[in-house]
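Biologist: Before we go through this chain together, could you put the model on the screen?

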Amino acid sequence: MDPNMENRPAGQRPRKVRTRLSTACTRCQKRKIRCDALSPACSACQRAGVPCIGAGASREWPPSYVADLETRIKWLESIIQEHLPNIDLTAGPGHSPGQQSRETRDVQSPSEVTDQIGLISITPGTDLRYLGPSSGLFFTKFVLAGLGKRLHTDKTTPDVKADGLAVPSDLLVPQPKELPSDPSNTRWLSQAYFDIVHLQFPFLHETSHVETIEKVYADPEVPAVHEFQVLMVIAIGASILSRRKRVMLSAEGYFASAMKLVDGVMKTSSVGVAQCILLLQMYALNNPTSGLNLWTLHHHGLALAIELGLHRNVPARNFTPLEREVRRRIFWCTYTIDRLLSTLMGRPMGVVDEQCDLNYPLDVDDDQLKTEHPKPRQSNEPVTNMTSAVHLFKLARFNSEIKCVLYCVDRQYPPYTQPAITDAESWKVDILSRLRQWREDIPRHPETSTWYYMNRLSEIKYHELVMLVLRPNPRFQNPDKASLRECFASAMACSELYHQLYSANSLHYGGISVHSLFLCVMVMFYCVWTPQGIAEEADLDSLMRALKASSDVLSAMGEYWPEAKRSRDVLDRVLMATIRRFTRHTSRTRSSPTSLDSRSSMAIPSLLPSDHPADGSYVDLSSHSAPPLPMEDAGVDDDLFGFQYGGPESSFTSADILSQFLGSGTDVTMGDSYDFEQIGDRELGWFWESLRDSERPY
């Protein structure tokens with residue numbers, strides 16, 4: 001019995017505690033019935049099958065309103081996660097989803113980096129531009145984003161104060177310049193072209209071109225194709241000599257004069273026109289002021305080459321030996337540029353190998369091609385001006401194979417064909433072996449020759465393909481340590497070769513060289529910083545010397561290519577932060593008597609050519625003068641290049657990187673353009689308009 005009952009007076013009933021609801025639903029209040037306030041609807045409303053609405057102006061929604069909102073939010077978040085997985089939904093209000101998505105796209109796992117499809121927006125209001133995995137764009141963004149997170153690099157840029165002096169736009173337009181009055185000056189400018197460009201892309205016949213120069217000066221009614229070729233050759237030669245001699249030689253003026261003829265030149269389809277298109281491509285590769293869209297221009301030339309049947313062997317009786325060899329040269333130069341651009345931009349190749357059955361050009365000097373039966377060079381005979389080019393044509397075939405096997409693995413093979421490569425690991429061993437053999441067979445020009453630089457340039461091309469095989473790619477997304485070791489060694493050797501060319505005043509200041517050297521630097525950083533990399537084996541002094549040499553070369557290139565200057569700035573930011581972190585770690589390491597003995601530096605065999613100069617500029621890759629590079633003192637389980645690293649506040653921005661692959665503007669258009677529409681009162685015609693890029697070029 002309740003003990004309180006003993007103290008209650010007799011006859012008094014116990015007080016009943018009445019639970020009073022503070023608020024009843026509107027329907028129960030109107031009907032004056034008791035409301036049990038159940039959720040999501042009270043019992044009375046449930047029996048009546050009507051909505052249960054709360055009373056008062058502040059509660060004009062059902063009790064289930066909040067629960068319904070939470071359910072709807074979860075549903076919307078699931079849709080966002082499915083279609084936009086890079087958006088961080090935990091950031092909350094106040095953060096721009098668009099900005100977060102753009103930044104987080106820069107920092108993805110290796111599997112996403114290597115096979116990502118890139119549609120890059122360059123200028124508001126324009127269509128997106130495609131970049132594929134072989135371009136190295138996503139690999140570079142991946143590395144820089146991770147380093148920005150780990151190194152806490154300072155992204156602030158110095159304030160650039162305007163001097164208040166606006167340059168009139170008319171002064172920036174190059175004026176057409178006529179041919180030099182003295183034919184010997186034209187031949188001197190042309191010789192620079194044949195000493196530099198012709199050794200890699202011999203689509204002109206030097207002896208015939210000298211004769212063309214004489215015709216242009218002797219006959220005022222010379223065909224437009226001949227005059228165009230002479231002007232373009234000296235424009236390219238003037239671009240090269242202006243940098244090497246450090247004088248202004250009016251390359252843009254000669255180019256502007258050639259552009260006055262372009263509409264008439266391109267009206268026909270001929271071998272001469274194909275040579276003209278290739279000359280435009282050479283100028284775009286050598287001069288940052290061309291304003292030409294190199295990708296579109298190249299495919300005009302490729303279409304013309306196929307239309308002329310340059311990709312097929314033709315009966316010898318149809319052409320003279322000279323005509324037959326010029327046709328072969330034009331096609332193989334077009335083929336090599338196609339492989340170069342398709343790899344640089346990560347885009348499909350313009351023509352597949354199985355559609356071509358053309359033999360390589362003969363390895364003979366140009367002056368022998370006019371004989372009835374030119375005799376090809378034998379292996380024990382001195383090199384010719386065609387030897388290096390033919391060898392580089394063979395390397396372009398390797399480039400084609402690498403792109404098809406490693407960078408097209410997500411394609412669906414048609415039912416009437418089967419993939420030729422079924423064992424990728426065995427293929428990788430085989431292709432590396434064939435590349436090494438190609439390197440052994442590189443033609444060696446004597447040191448006294450003006451063509452000596454081709455020895456080092458061929459070595460650079462070899463190392464570029466080795467890195468293309470061994471760096472993360474769609475087929476091998478997580479390279480093993482042996483692959484990273486060889487990839488790192490190639491990047492170091494490539495950097496040193498560029499520095500040797502620069503020191504010897506033989507460096508070719510082209511946009512392709514800027515891209516190549518920058519990717520070498522990114523490979524070095526990746527191989528050292530990735531947790532599965534070779535940090536414990538590499539040598540700090542050798543790496544720092546290689547990076548400093550790369551920075552010097554990029555600085556020199558930056559005088560002519562703005563992209564090189566931005567690349568140098570990115571490299572320097574990472575380099576200084578890396579030195580600070582490694583120096584602090586080295587100080588702690590040296591304080592431990594057993595730390596140095598527990599590690600061993602990586603002794604990388606020399607990958608430089610056997611004829612490299614034994615001077616102080618040579619980077620000794622097997623040097624042991626400094627402690628090895630340690631991974632920084634974060635936890636061993638930290639994944640520098642993991643899925644969640646980086647962020648808007650700590651990683652490098654895409655602007656630092658896109659200029660390297662799309663330049664300061666769009667596509668593969670090279671350099672800052674001039675407005676050639678203001679040059680005189682002329683009509684450029686459909687062809688010129690189709691090649692100009694309407695936006696700011698590369």
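Biologist: How many helices and strands are there in the protein chain?
Modeller: This is a predicted model, and the elements are DSSP runs numbered from the N terminus. Counted that way, the protein chain has 23 helices and 2 strands.

Biologist: What share of the residues of the protein chain counts as buried?
Modeller: A residue is taken as buried when its relative accessible area is under 20%. The chain exposes about 33600 Å², with carbon and sulfur atoms supplying 52% of that area. Of its 698 residues, the share that counts as buried is also given as a percentage, and that value is 52%.

Biologist: Which feature does UniProt place at residues 24–52?
Modeller: In the model this span is 41% helix and 0% strand, and its end C-alpha atoms lie 10 Å apart. The name comes from an unreviewed UniProt entry, which gives the feature as "domain: Zn(2)-C6 fungal-type".

Biologist: Which residues of α7 are buried?
Modeller: The helix α7 has 14 residues and reaches 20 Å from its first C-alpha to its last, close to the 20 Å expected at 1.5 Å a residue. The cover over its buried residues includes α8, α9 (224–245), α10 (251–259), α12 (271–286) and α17 (453–470). The buried residues themselves are Thr186, Leu189, Ser190, Ala192, Tyr193, Phe194 and Ile196.

Biologist: Among contacts between residues at least 6 apart in sequence, what percentage joins residues at least 24 apart?
Modeller: A contact here requires heavy atoms within 4.5 Å. Among the contacts in the protein chain that pass the separation of at least 6, the part joining residues at least 24 apart is 77%.

Biologist: Which elements give two or more residues to the lining of the largest cavity?
Modeller: The count comes to 6 cavities of 30 Å³ or more, and the largest cavity has a volume of about 830 Å³. Of the 41 residues that line the largest cavity, the closest to its centre are Leu340, Lys461, Glu464, Ile512 and Ser516. The elements giving two or more residues to this lining are α12, α14 (321–345), α15 (387–406), α17, α18 (481–503) and α19 (511–529).

Note on methods. Residues numbered from 1 in each chain as written. Predicted model: local features only at pLDDT ≥ 70, side-chain atom pairs only at ≥ 80, totals over all residues. Heavy atoms only, no water. UniProt positions renumbered as here; feature names shortened; annotations may be inferred. Helix = DSSP H or I, 4+ residues; strand = E, 2+ residues; numbered from the N terminus. Buried < 20%, exposed > 50% of the residue type's maximum accessible area, 1.4 Å probe, protein only. Areas by Shrake-Rupley, 256 points an atom, 1.4 Å probe, with all protein chains shown as cover. Expected span 1.5 Å × (residues − 1). 1 Å grid on protein atoms, 1.4 Å probe; cavity = no way out; pocket = protein on both sides within 12 Å on 5 of 7 lines; lining within 4 Å. Points joined across faces, edges and corners; volume = space filled by probe spheres on them.
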